[in-house]
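Q: Could you take a close look at one helix and the way its neighbours pack against it? I'd like to go through the packing step by step.

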Amino acid sequence: MSPFVAGVDADVRTTGRESEPEVFMGQILDNEPLSRTDIAFQAPTQIKFGVGKLANLGEELQIEDDLGDLARVVLITDAALAGLGIVDRIRSGFHGSHYDLVGVFDDVPSDSDVRAVDAAAAFVSENNAEIILAAGGGSVMDTAKAAAVVATHGGRVSDYEGLYIVPGPCIPIVAIPTTCGTGSEVSGGAVIKDHDARTKVILGSPYLFPRMALLDPELLRSLPAHLVAYTGMDAMTHAIEAFVSTDREPISEAIALRAVEMLADNLPLAVADRGNTDALSKVQIAASMGGIAFTNAVLGATHAIAHSIGSLHGLHHGLCNAVALPYVMEYNLRTCPARFAALALALGAERAGRTDAEFASEAVERVRSLNASIGIPGTFEGLGLEGDDATVGDITDAAMNDPCLAFNPRPSEYADIEILVRRCVTGAS
Ligand SMILES: [Fe+2]
């Protein structure tokens, strides 16, 4: 009998089977009932992390059973990254391997677009690509996913709009993120803009998960400080919203909470110094963890507002999230104080004997301080928006129609969101 089993026996002898077992309550969260009793957690993307990993790209693909026999590779990226030498780095990553980089499509705009998808899909087909490398931020990765669908199954991207419409597996994608927030490298979603129709085509499918995410913090070294801050706060928002969403479940909760802690501890260091490899590494890993968490547990009102302000006023998605996040947390505090108390702990606050209700607001203060330390303004007025009725009304209208709002922990009517939006814009209570 193993010592472990013997220990269990000894414990049973001491306490007796008839008596009620003593229950030890956790210190992080209340032992609340599951908010979902039917869970299908998905994180199929293989994550390979390493400083300088891109230099071994060929080896990393070759050792995988399903990728080792493939050879023809197309790279999808954008012109800015091409100018910074991403193509040469990938070519040298394939040095000594059998992989053949048969084509480079570097025409992805900063806002993914249906035309770019059509052009990228045609390029992938013309080159008979067997693997697609997607090196870039969210726009590049989403474009590559949609292009893989169209190149594999034909038609146009709009044919696959919605959930579970993609009919089967696609050309495998190896995602190589060059920002630290989007999470697209580990998600089964893609958002493509149709600039002519002024709409977004949203795709969600298990066939959209990249086959592999290759995380190399060396690729973040040339990212400007403000983009580390914006994309890092996008990742923070993914983790916090997933942790409190109505669709949360324990697997995502665990991943999200650790991602919050890693971002709180490392984002200011990474923003201040892209030479800090450890901080940069943890921010990059936490961004993928946030992506896994929100892919499963969805998001909330911060993203609903950020999507609206981003599309109406052309502001960076991560920046919009960063500004809105503390206001939305404040708005949600009373709905789930224990969860915000747990977030306060992860964000580095000291409980000091306070109850959840007393301690929860520390999470908001911590996010405000974090924002201030990395140069994020406190309101959207600080970014040029005005708090007039028309501006607030337009943002509120769009936010009410955003699918993320349905997963916000506090149920919201139009008037609630209107007040919240006004607070995000002006800071006034
Ligand atoms: Fe986001």
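A: Happy to! For two axes, an angle under 35 degrees counts as roughly parallel, over 145 as roughly antiparallel, 65 to 115 as roughly perpendicular, and the rest as oblique. This is a predicted model, where local features need pLDDT of at least 70, side-chain atom pairs count only at pLDDT 80 or more, and totals for chains, interfaces and linings use all residues. Residues are numbered from 1 along each chain as its sequence is written, and side-chain values use heavy atoms, with hydrogens and water left out.

Let's start with helix α8, residues 225-244 (helices are DSSP runs of H or I, at least four residues, numbered from the N terminus). Its axis and that of helix α15, residues 361-373, come within 12 Å and cross at roughly 170° (axes are lines fitted to C-alpha atoms over the stretch in contact, with angles from 0 to 180 degrees between N-to-C directions). The two helices are therefore roughly antiparallel. On the α8 side, M233, M236 and I240 make the contact, meeting V367, L370 and N371 of α15 (contact means heavy atoms within 4.5 Å). That gives five nonpolar residues, one polar and no charged (Ala, Val, Leu, Ile, Met, Phe, Trp, Tyr, Cys and Pro are nonpolar, Asp, Glu, Lys and Arg charged, the others, Gly among them, polar).

Now for α13, residues 337-346: its axis and that of α8 come within 10 Å and cross at roughly 145°.
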